[in-house]
Structure formats: C-alpha cells, structure tokens
Amino acid sequence: LAWKPTLESMQLWRPLTSFLFYGPFGLSYLLTIHFVWTYMGTLEKLSHVEPWEFAVMMVFGAGLLLAGVTLGGMNPRFLGHNLSCFLVYIWARTYEGQEVSVMEFFNIKAELLPWFFAAQTYLLEHELPVSDLLGIAIGHLYVWTRQRDILRTPGWLVALFRSNAKLMAKYAAMADEFS
C-alpha cells in the first residue's frame, strides 16, 4: 500500500485491495484463506437479522488496521491476513470455550485460535507477528466498544440496508440456516 499514489493520483482502490492479498502461496496462505472463509462467513451469518452490524465491524477493523499499520511504520503489504486475525479474534470471543478443529489436524479452545494465528506467522514466516497482534488488539477493542455500547451503527446505514428489499431478503434467507 503506497499512500502517495493513493492520495495524489486518487487511486482510492489501493487501501481496499490491500485486504484482498494474503501473501505468497504456501501453507500460511492456505490456512489464512481457510480461516477467513470459515470464520468470516459465520460472523456474517450471525448478523443475518441486522447485517449493518457486520458492515460496521468490517469498516471498524479495516480502518483501524490501515491507521495502525501506517502510524506504526509497518509494512502493509498483506493486510488480508491481519484482517483475518481481527475477525478470528471476534469469532473466538463469540464462541469462547468451544473446541475448534484446526484443519482437521488437532483441536484447541476457540479463545486460543487468534494466538495460534500469531504463532503460525512466527513459525511459518520467521517473523515476529506484530501485525497479527495489531489485528488481535483491534479485535479486542471492537468487542470492548460493542459490549459497552460505545460503537453504534449510524442510523443512515441502517436505513440504507432496510431500503434495499433484495439485500434484506438474502439475509432473511440466512435465517433458515439457523432454524
């Protein structure tokens, strides 16, 4: 992610696309894709009644990750993995105490999953998992602000979702998966 072309040449897609790249193909890449698919999907389905909550969660995580990486002087080359740490932390707090199968190899408690992510970065990529820890910290901040009702969805966003009948019908169809 290069801020100079983003701001000077109005290449506004750059901050968004940094979350779509998960690094070079390898075991770490496969694990990250698996976790994103599994846990992000579950978090979205948990928000099937109020999908605007999922949108706020994603914007909160992506925005603070961009800010944290930029202000911390870190290399924001693959923010997809860091966003997945954010999502896995939130998922782990939602399912605290539940046993989780990691790629069908072994089981761990849900609350340990984000720390498994950080260890994976250290072991497979031979670097300190600073960005992973940033994702975990931002996930913790998100959970903390939601529990204390500090972070709320703006009314205009709720109205925007509710005004789109087709979108709301898709989320209503998700309710069938939980009945």
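Colleague: What does the numbering follow, and which confidence limits apply?

Modeller: Residues count from 1 along each chain as its sequence is written, and side-chain values use heavy atoms, with hydrogens and water left out. In this predicted model local features need pLDDT of at least 70, side-chain atom pairs count only at pLDDT 80 or more, and totals for chains, interfaces and linings use all residues.

Colleague: Why is F86 called buried?

Modeller: Buried means under 20% relative accessible area, exposed over 50%, and partly exposed in between, with a 1.4 Å probe and protein chains only. F86 has 0% relative accessibility, so F86 counts as buried. Y142, with a relative accessible area of 8%, is also buried.

Colleague: What makes F86 and Y142 an edge-to-face pair?

Modeller: Rings of Phe, Tyr and Trp (its six-membered ring) pair if their centres lie within 6.5 Å; planes under 30 degrees apart are stacked, over 60 edge-to-face, and the rest tilted. A search of the whole structure gives five aromatic pairs. For F86 and Y142 the centres are 6.1 Å apart and the planes stand at 70°, which is edge-to-face. The pair joins distant parts of the chain, F86 in helix α5 (residues 79-94) and Y142 in helix α7 (residues 130-147), 56 residues apart. Helices (H or I, at least four residues) and strands (E, at least two) are DSSP runs, numbered from the N terminus. Ring pairs also link F60, F86 and Y142 into a cluster.

Colleague: Why is S84 called buried, and what does S84 contact?

Modeller: The relative accessible area of S84 is 1%, so S84 is buried. S84 sits in helix α5. Apart from neighbours within four places in sequence, S84 is in contact with T32, V36 and F117, where contact means heavy atoms within 4.5 Å.

Colleague: How do you know that R146 and E53 form a salt bridge?

Modeller: The term requires a side-chain nitrogen of Lys or Arg within 4 Å of a carboxyl oxygen of Asp or Glu. The N to O distance for R146 and E53 is 1.9 Å, and their side chains meet in a salt bridge. R146 in helix α7 and E53 in helix α4 (residues 51-71) are 93 residues apart, so the pair links distant parts of the chain. R146 is partly exposed at 25% relative accessibility, whereas E53 is buried at 17%.

Colleague: What makes K109 and E99 a salt bridge?

Modeller: The closest N and O atoms of K109 and E99 are 3.6 Å apart, and the pair is a salt bridge. K109 lies in strand β2 and E99 in strand β1 (residues 99-102), ten residues apart. At 34% relative accessibility K109 counts as partly exposed, and E99 is partly exposed at 45%. The whole structure has four salt bridges, including R93 with E96 at 3.1 Å, N to O.

Colleague: Why is L123 called exposed?

Modeller: L123 has 58% relative accessibility and therefore counts as exposed. L123 lies in helix α6.
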